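Please consult the sequence and the structure shown below.

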Amino acid sequence: MTVSRPQEIIERALALSEADGMVVIADEHSSTNLRWAGNTLTTNGVTRGSQLTVIATVQGATGVAAGVLSRSAVRDEELAELVRAAEHAARQSPSAEDARPLVEGGEPSPDFAAPPAETSSEVFREFAPALGETFARAASEGRELFGFAEHQVVSSYLGSSTGLRLRYDQPTGHLELNAKSDGRRRSSYGNAPTRDFSDVDIAALDAALAQRLAWAERTIDLPPGRYETLLPPTSVADLTIYQHMTTEARRSHEGRTVFSRPGGGTRVGERLTQLPFTLSSDPRAEGLTATPFVLSRSSTDSFFVGNSVFDNGLPLERTDWIAEGVLRSLPTTRHTAELTGLPLAPVIDNLTLDAGGTRTLPELVADTERGLLVTSLWYIREVDPKNLLLTGLTRDGVLLVEKGEVVGQVNNFRFNESPVDVLARATEAGRTERTTSREWGDYFPRVATPALRVPEFHMSSVSPGV
């Protein structure tokens, strides 16, 4: 069995091509993790893998068709078969409506010839001892900790028959921590995004969860209703990511999303919020750096709509989706930009929501006369795409705030809200900070959002969950 370097595999695949055009993406993955339960480390591991995606394009009688095949751990002797299979798929496919000329190559990435980047358990060198100390402190204070820490690095290489030779290394790390009281009747949750675990303060996160468990010693029953609610950054990320990933230009232009204009077209140019929210993506955003060129392995991505394999290699720059409260852009490919008349705005793998706020979540709590402080949202599902009504559950505790103080924990709720309405009604936004969406963090990990104060947040029913 022989496995060549990713750059060599790309060159060999392109040399084997008999198609009119070809794009090859080679991804090299490495990851390491720690998992724990009941203040005890349970598992740790390191994994490595690779995936090769071959995109063949052929000119037919009615247009250009594409065949796309992806396989894991492709050996050298399997490469020709994969290329032939992609070409066969292209010849058997109807013409692709998103077909555009493949992007022409420019200067190759300076590190295109370098070996893939890797992670290892060494990334936990300082974090692991701190985690052990936190276990001991939690046990002595009657708490149980559950959770995991994971770090991965993906090196992606992109080559094409038009001369593209691009490469990007993406590190991604995150920590999830649950703290439970004796008897596991009370629970609190926190998470932290990171690029390398050097900035994760596990002791501080545990201390914050311990404080929430102490607040939860007093329980208060509240009926469903509409309450002033403070949403932490992780919950704002839950809502904002879903809004962003489901409202691309074509669906909106066709009247199928909350950003469709009645009578036709989109709501681009319309004011959405009174607060000066700016929702943007920028591959060079500090702390959130992401792939600076289009890297699309499918034109029908199941998570994010608005991708095209023909756009691979297009350079990415900052895009304001909402600027100062006004809808400015919707995700487009070259095809959907022409279809809708909107500017080209490909999907970028990060998202920042900012309204210029400077206050922390505790400072928002201190200025609350009476309201709910949500710990986290969970199990979010779509109810109505036309107004983007979502439903979901609060989990791991909802706290009641009165006269600037947390006075106890109330029951969990099911909520019904639209992210667009939440932004429109928000009366205060805190400072923007890096966070991780509890619901979508595995798919979209690079996010920065503020905490929000939202009047009349709709808690539609009581949930029996902890």
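The buried residues of α3 are Phe-127, Leu-131, Thr-134, Phe-135 and Ala-138, where buried means under 20% relative accessible area, exposed over 50%, and partly exposed in between (1.4 Å probe, protein chains only). Seen down the axis of α3, these buried residues fall within an arc of 110°, so they line one face of the helix; the arc is that of the directions from the helix axis to the C-beta atoms. The model is predicted: local features need pLDDT of at least 70, side-chain atom pairs count only at pLDDT 80 or more, and totals for chains, interfaces and linings use all residues. Residues are numbered from 1 along each chain as its sequence is written, and side-chain values use heavy atoms, with hydrogens and water left out.

**Helix α3**
- Helices (H or I, at least four residues) and strands (E, at least two) are DSSP runs, numbered from the N terminus.
- On the other side of α3, Glu-133 and Ser-140 are exposed.
- The cover over the buried residues of α3 includes β1 (21-37), β2 (40-59), β4 (144-160), β5 (165-180) and α4 (202-215), with contact meaning heavy atoms within 4.5 Å.
- Gly-142, which follows α3, has a positive phi, near 80°.

**Salt bridges**
- The count comes to 34 salt bridges, each a side-chain nitrogen of Lys or Arg within 4 Å of a carboxyl oxygen of Asp or Glu.
- Asp-169 and Arg-167 form one of them (2.8 Å, N to O); Asp-169 is partly exposed at 24%, whereas Arg-167 is buried at 6%.
- Asp-320 pairs with Arg-318, the closest N and O atoms being 2.8 Å apart.
- Salt bridges that share partners join Glu-228, Arg-359, Asp-367, Glu-428 and Arg-453 into one network.
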